Amino acid sequence: MLVAVGAVVLLGAASAVWLWPRGGDDAPAKVVANDYSGRPSVCLAADDSAASAGTVQHTWTVLQQAGRDSGVNVQQLVVPAGDAAAAAPYLSGLVAQRCTLVVTAGASFDGALPVVAGGAPQVRFIAVDPPTGTDLKGAAALTLDQLSDGLGRSVRDLAARR
């Protein structure tokens, strides 16, 4: 009986090794985000802090309306980013996704702008209500009072350039 059990275990192990998928040249397919619409994209990047929640919601509402009115794609990325170092990779990801205009809300994303904007001259950046003294090299700023008109105009301008 012990010999029979040993033979079954040995046969099972040999089958598993023989049937186990091999890595070889079968590399996984590269995943690429493509937008086949040909329309410009506006991307909102914001932190999820309570301090910026109102600004983020208002900005997103303006972007959605401007996108509907002009046929521009809009998307949002709201993540827990406590400082500029944590926010920079997310901004870089939006640049890699080929966002035409990146809008930031929240101190951490506003702080990451100089590093990311400097390496992406093909992308426009707008910071919404950045803290006083924030270095916005490579980006424009809009106050909350300017948001509806200024951001709406920027989105419409993107649509007009198509």
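The legends below describe close-up views of a predicted model.

**View 1. Crossing of helix 2 and helix 5**. Helix 2 (residues 53-70) and helix 5 (residues 147-160) have axes that come within 9 Å and cross at roughly 35 degrees. The crossing of helix 2 with helix 5 is right-handed.

**View 2. Residues in the contact of helix 2 with helix 5**. Helix 2 contributes His58, Thr59, Val62, Leu63, Ala66, Gly67 and Ser70. From helix 5 come Leu147, Ser148, Leu151, Gly152, Val155, Arg156 and Ala159. Sorted by class, the residues in this contact are seven nonpolar, six polar and one charged.

**View 3. Length of helix 3 (residues 84-96)**. With 13 residues at 1.5 Å a residue, helix 3 should span 18 Å. The end C-alpha atoms of helix 3 are 18 Å apart, so the model agrees with that expectation. Just after helix 3, Arg98 has a positive phi of about 70 degrees.

**View 4. Buried and exposed faces of helix 3**. Ala87, Ala88, Leu91, Leu94 and Val95 are the buried residues of helix 3. These residues lie on the same side of helix 3 because they cover an arc of only 125 degrees around the axis. Exposed residues Ala85, Pro89 and Ala96 are carried on the face turned away from the buried side.

**View 5. Packing partners of helix 3**. The buried residues of helix 3 pack against strand 1 (41-47), strand 2 (73-79), strand 3 (101-105) and strand 4 (124-128). Helix 4 (107-118) is also among the elements against which these buried residues pack.

Note on methods. Residues numbered from 1 in each chain as written. Predicted model: local features only at pLDDT ≥ 70, side-chain atom pairs only at ≥ 80, totals over all residues. Heavy atoms only, no water. Axes fitted to C-alpha atoms, helices over the stretch in contact; angles between N-to-C directions. Helix = DSSP H or I, 4+ residues; strand = E, 2+ residues; numbered from the N terminus. Left-handed = near helix turned anticlockwise from the far one by under 90°. Contact = heavy atoms within 4.5 Å. Nonpolar A, V, L, I, M, F, W, Y, C, P; charged D, E, K, R; others polar. Expected span 1.5 Å × (residues − 1). Buried < 20%, exposed > 50% of the residue type's maximum accessible area, 1.4 Å probe, protein only. Arc of directions from axis to C-beta.
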